[in-house]
Amino acid sequence: MLFRSPLSRPIVMARILRRILPPRAMTDPTLLDLFTSIRNTIRNPLGLSATNVVSISSVPEVLNDPYAMGVGGMGKTTLAAMVAQHPDVRRYFIDAVVWIYVGGKELNYSRYTQCLRELVAQLDFYQGVPLFAELLHVPGETPSKRRRREEGFMIYARDTIADLLHDRSVLIILDDVCFEPDLDWFDFAPMPGESTDDLEGDCALLVTTRCRTLLPAADTVEVDMLDEADAISLLIQESGQLSHALMAESREARSVVLECANHPLAVKSVGRWLNLKHATAGVVSSVEEIHAEVIKSMDRILKGGGHTGTDMMYE
């Protein structure tokens, strides 16, 4: 159950952009009225971190639990992709916008250097292939000693890429980060006082994560369920050839998204289901029919979820 009105996606988008872009870089007329930069050069009075690291998370699975994971399927990766493609972002981060999938395992040296190679491969200004030392197995080495040696190799690899990105304007997007230490390995921005020109060499880090406490609240944008208008728009968009038969103001369309709890992935799945039914039946299935089937499916999930392990969030 929702206890507050969710923000529209344009407002959420503006909240992300204002954390990674200075006001002078924003020209999008659809977002200008929503855009008030919270990054201030006077010692970050709002408590933002010294480096430009921002996370996209989601509302908690368990209300009022500060340690609860964020709800899955809320569109965090979709929002990050929208940020990556935004013209103002492309214009400001002129050297590169890089996308790296991190995943659910904490980084080791092998996986970290693989991510760095993926990063470098997306840099148009660098045509070479970075060479990283091979971490050899040492017989009899204890796990703790190997881990310390591995961290030394990782630090050297990070410094190599930091030198490569020096005075470059690059946005690095890390998708599905689960561990806080992983952030440090991709924070290539200079420490406070090291940068000689605030207008040059601006590297930013944008992460998607279900870990809601990965960064301080001031550096985190929390994604809520869709508002009704966005949910109906997504339903119509995903319904394909049947979209002309769906009316945004219809009672049935509103009922369908309500049954989906305005959850983005659920609404998207139902929209595609509706499109598939139309394509396979060869006739226009009514919205009333799909509404009835959604209710039946939800009832079956709720009644059998404890025994079947079915996940309402589709993840």
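The structure is a predicted model in which local features need pLDDT of at least 70 and side-chain atom pairs count only at pLDDT 80 or more, while totals for chains, interfaces and linings use all residues. Residues are numbered from 1 along each chain as its sequence is written, and side-chain values use heavy atoms, with hydrogens and water left out.

The protein chain contains ten helices and five strands; helices (H or I, at least four residues) and strands (E, at least two) are DSSP runs numbered from the N terminus. Of the 315 residues in the protein chain, 45% are buried, where buried means under 20% relative accessible area, exposed over 50%, and partly exposed in between (1.4 Å probe, protein chains only). The accessible surface of the protein chain is about 17,100 Å², and 55% of this area belongs to carbon and sulfur atoms; areas come from the Shrake-Rupley method with a 1.4 Å probe, and for residues only the protein chains shown count as cover. Among contacts (heavy atoms within 4.5 Å) with a separation of 6 or more, 71% join residues 24 or more positions apart.

The five strands form an open sheet in the order E2-E3-E4-E1-E5, with parallel pairing; two strands pair if DSSP finds at least two bridges between them. E2 and strand E5 (220-223) are the edge strands, each pairing on one side only. From one strand to the next the twist averages 20°. Helix H1 (residues 9-20) packs on the sheet and touches E1, E3, E4 and E5, and its direction makes about 165° with that of E5. Axes are lines fitted to C-alpha atoms, for helices over the stretch in contact, and angles run from 0 to 180 degrees between N-to-C directions.

Strand E1 (residues 53-58) pairs with E5 in the parallel sense over four bridges, and threonine 220 in E5 is the bridge partner of serine 55. E1 is also joined to E4 by four bridges, again in parallel; here the bridge partner of valine 54 is leucine 206 in E4. E3 and E4 run parallel and are joined by four bridges, with isoleucine 172 standing opposite leucine 205 in E4. In E4, five of its five residues are buried. Ala204, Leu206 and Thr208 lie on one side of this strand and Leu205 and Val207 on the other, so that both faces of E4 are covered.

A nonpolar core is a set of buried Ala, Val, Leu, Ile, Met, Phe, Trp, Tyr and Cys residues joined through side-chain atoms within 4.5 Å. The largest has 33 residues, and those with the most contacts inside it are Tyr112, Leu119, Ile172, Leu174, Phe186 and Phe188. Two or more residues of this core come from each of strand E2 (96-103), helix H4 (109-121), helix H5 (143-164), strand E3 (170-177) and strand E4 (204-208). H4 gives the most, with six residues. Not counting residues up to four places away in sequence, tyrosine 112 touches Leu107, Met154, Ala157, Arg158, Trp185, Phe186 and Phe188. A second, separate core of 30 residues includes Ile56, Ala84, Phe93 and Met225.

H4 lies across E2 and E3 and runs at about 155° to E2. H4 and H5 pack at an angle of about 10°, with their axes 10 Å apart. H4 is therefore roughly parallel to H5, a term for angles under 35 degrees, with over 145 counted as roughly antiparallel, 65 to 115 as roughly perpendicular and the rest as oblique. Tyr109, Tyr112, Leu116, Leu119 and Val120 of H4 make this contact with Glu150, Phe153, Met154, Ala157, Arg158, Ile161 and Leu164 of H5.

Helix H7 (residues 228-238) and helix H8 (residues 251-259) pack at about 100°, with axes 10 Å apart, and H7 is thus roughly perpendicular to H8. Glu228, Ala231, Ile232 and Leu235 of H7 meet Ala253, Arg254, Val256 and Val257 of H8.

Most residues other than glycine have a negative phi. Asparagine 64, in the loop between E1 and helix H2 (76-85), has a positive phi of about 65° and is exposed, with a relative accessible area of 79%. Aspartate 167, in the loop between H5 and E3, also has a positive phi of about 65° and is partly exposed, at 48% relative accessible area.
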